[in-house]
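Welcome, and thanks for taking a look at this one with us. Here is a short briefing to read alongside the viewer.

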Amino acid sequence: MENFFNKDLNESYDVVILGGGPAGCSAGMYAARDALSVVILEKNFPGGNMAITEHIENYPGFTEPVLGHEITEKFVKHAQKFGAVIRQGNCVEVIDEGVWKTVILEDGRKIKCKALIIATGSKPKKTGAKNEEHFIGRGISFCATCDGGFFRNKEVVVVGGGDSALEEGMYLTKFASKVTIVHRRNEFRAAKIIQQRAKENEKMHFMTPYTVEEVMGENTVTGVKLRNTQTNEVIDYKCDGIFEFIGWDANTDIFTDYIEMTNGGFIKASEDTVTNVPGVFAAGDVRKKGLMQVVTAASDGAVAAKMAEKYINEELKH
């Protein structure tokens, strides 16, 4: 995806956007369309988690499943069409100087901006099981809404014991023939009403207290090795897929002393993406919200861009 990156990089922009996922690209497109100078800084590759999702079948307007890298290309080109610059760069610090904010990159470059949109996203926590990395996208998923349809009439394992794990497990019963919840404790953290509903579902099964030690298979997942946390007994358990819901880590480490955070490490921002720092906005999975999806990230990006435009053209002129 190197060809997505622009080669030029100015010393200052109206808006700097950190992160080139769906939130960042959407923000870039909206801000550039409002005649603001915009640069999107992406430390890895455009698209974020969207780019590494094999198929996306729940984005409005795409009636057939679309490859993650294909929709990423459309997002990027749409932002570039209106003049947004997309450049590779890893922000390591933000210095706030009032009207201007200075973004310092890992290679020492400095870029000034009037408004900053943080869209660095988040990453799912992983089990650390043997072979886990190999099977991500080949049977291991972190999104039931995205990938549940690919497991029709198959058996899946859901790892986790909170509300998300049980709720997503129940959602997966719409497709899978069997859904097994694997949790490291005997007691679940999910709300009692959610536990009751899950246990009343005939397709739901429970393996406690177990952890996933190893993922088995060749090209795709065929099963897991489960270890009993009380007896240390290890058993083989057949499944066709694994869904992991043990939490998310926001990519916010460099902002902890700069901006207000939740206890979970997400940026505190209202639905209009405004943070406690004037001129700084948070869009997408980097802020805590009820649903983390491509469509909600894109929506956040659009809102953040409009709020940035309003801040630059109204508040900074007073």
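Val16 stands opposite Leu116, a residue of strand S8. Please keep in mind that this is a predicted model.

**Strand S1 and its partners**

- Strand S1 covers residues 12–18, and six of its seven residues are buried, so the rest of the structure largely encloses this strand.
- With strand S8 (residues 110–118), S1 forms a parallel pairing that runs over six bridges.
- S1 also pairs in the parallel sense with strand S2 (residues 38–42), here over four bridges.
- Val16 has a bridge partner in S2 too, namely Val39.

- If you are thinking about volumes, the second largest pocket holds about 290 Å³ of space.
- Its lining is made up of 15 residues.
- Nearest the centre of the second largest pocket lie Thr127, Val159, Arg184, Thr211 and Ile246.
- Which strand gives the most to the lining of the second largest pocket? That is strand S14 (residues 210–217), which supplies four residues.

Conventions:
Residues are numbered from 1 along each chain as its sequence is written. This is a predicted model: local features need pLDDT of at least 70, side-chain atom pairs count only at pLDDT 80 or more; totals for chains, interfaces and linings use all residues. Side-chain values use heavy atoms; hydrogens and water are left out. On a 1 Å grid over the protein atoms alone, a cavity is a set of points where a 1.4 Å probe fits but cannot get out, and a pocket is an open set with protein on both sides within 12 Å along at least five of seven lines; lining residues have an atom within 4 Å of a point. Grid points are joined across faces, edges and corners, and a volume is the space filled by probe spheres set on the points. Helices (H or I, at least four residues) and strands (E, at least two) are DSSP runs, numbered from the N terminus. Buried means under 20% relative accessible area, exposed over 50%, partly exposed in between (1.4 Å probe, protein chains only). Two strands pair if DSSP finds at least two bridges between them.
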